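Hi,

Here's the structure I said I'd pass along.

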Amino acid sequence: MLNKLESLRGIAACLVVIYHSRFNYGDAPITFIHNSYLFVDLFFILSGFVMALAYNDKITNNFPFKTYLTLRLGRIYPLHAFMLFTWLIYLIALYLMGFSGTEQLTNPDYSFFSNLLLSQSMGLHNMNTWNEPSWSISTEFYAYIAFFWISIFFDKKKTLFVPLIISVGCYLFLISLERDSLHITYDFGFFRCLGAFYLGVFLYRLKKINLLNSWATNKINALEVISITFTVFSVSIAEQSPYFFIFPIMSFMLIIWVFSNDNNGQLGQLFNSRVLRKIGQWSYSIYLLHWLICNVSGRFFEGVLGLDADASLGGYSLLINALLLLITIVLSKFSYQYIEMPSRDFSKKYAYRIKKKVISTI
């Protein structure tokens, strides 16, 4: 089950890479790609689903908050910090070479420190800063904290209603902002994250009570095709109305429910393939590394080759984006191996040392 969901996360991360690429096939990007920023919401729903799976019972059984927080920080913070300082070095290099786009150095504010403290997307700024995709890491970190304390004080019985009420409340608030789309990041991104996160919690609990699970197993091939088709269609039409974001959100829930089934259809077998599982394993690195790689590739294309990166490139865009994606995946393999894994393993050892100390004092 988790292997397929990890592959799903990897595919979503790759779509976000293509979304941020400047290299377009035609005068305007393909609608599905143009709206692929929505796959960040798939990350949020998946995160809630997996967190409910991992901590559904632990938190209410005296799992220490310090241990929980250490584990969460160990998972997300080291690579975030590495990329933040990499961006700092990159901007200094650009500044020394006389390039533009270094305003965060020449007009400094406190955004570097808010990024350092994972608070950059909690309404402190009027734009995304530094390694821009990390806005979602900021909001997810606070969603983790909210999940822990809500589980203790308001959600001890683990019903379907609490996560549903939280999620609906968040989305109603986002609708009240009267934005054109769900592309809400630096100011109210936390509510976007929390709403989707608790849909994942809701989905996990719904699945746990075995509602329709046996029926889904018998229809798994058809459901896999339907869920993928619905996702592509709903993402493609998402910006035709400010309220149409509900369709991709529903499709993400459906696709997670379908591919969390233990049985595999033909697409499920593909999602279980070693290549897609590896890409899924590296998905966090893909997500955090790609903004810098896209920036460097655009500058190389224009500054070195003297070509317009925003021009219609036709079939060449397919080759360039494939190369861009390949570079991102390869570099992500190494960042996973040398940054993510060691820091995660260290945080696990440290966290459970804390847990033993806490238990020994009870």
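**How α1 and α14 meet**

Helix α1 passes α14 in a left-handed crossing (left-handed if the near helix is turned anticlockwise from the far one by less than a right angle, right-handed if clockwise). The contact (heavy atoms within 4.5 Å) involves Asn3, Glu6, Ser7, Gly10, Ile11 and Cys14 on the α1 side, and Leu276, Arg277, Ile279, Gly280 and Gln281 on the α14 side. Sorted by class, that makes four nonpolar, five polar and two charged residues (Ala, Val, Leu, Ile, Met, Phe, Trp, Tyr, Cys and Pro count as nonpolar, Asp, Glu, Lys and Arg as charged, and the others, Gly among them, as polar).

α1 covers residues 2-20 and α14 covers residues 274-281; they pack at an angle of about 70°, with axes 7 Å apart. The axes are lines fitted to C-alpha atoms, for helices over the stretch in contact, and angles run from 0 to 180 degrees between N-to-C directions. α1 and α14 are therefore roughly perpendicular to each other (65 to 115 degrees; under 35 is roughly parallel, over 145 roughly antiparallel, the rest oblique).

Before you go further: this is a predicted model, where local features need pLDDT of at least 70 and side-chain atom pairs count only at pLDDT 80 or more, while totals for chains, interfaces and linings use all residues. Residues are numbered from 1 along each chain as its sequence is written, and side-chain values use heavy atoms, leaving out hydrogens and water. Helices (H or I, at least four residues) are DSSP runs, numbered from the N terminus.

Helix α3 (residues 39-55) has 17 residues and reaches 24 Å from first C-alpha to last, close to the 24 Å expected (1.5 Å times one less than the number of residues). In α3, 14 of the 17 residues are buried, so it is largely enclosed by the rest of the structure (buried means under 20% relative accessible area, exposed over 50%, partly exposed in between, with a 1.4 Å probe and protein chains only). Alanine 54 is found in α3 and is partly exposed, at 35%.

Helix α11 spans residues 220-236. Its buried residues are Ile220, Leu223, Glu224, Ser227, Thr231, Ser234, Val235 and Ser236.

Serine 121 lies in the loop between α6 (111-116) and α7 (135-153), and counts as buried at 0% relative accessibility. Leaving aside neighbours within four places in sequence, the contacts of serine 121 include Trp135, Tyr186 and Phe190.

Cheers

Conventions
Helices (H or I, at least four residues) and strands (E, at least two) are DSSP runs, numbered from the N terminus.
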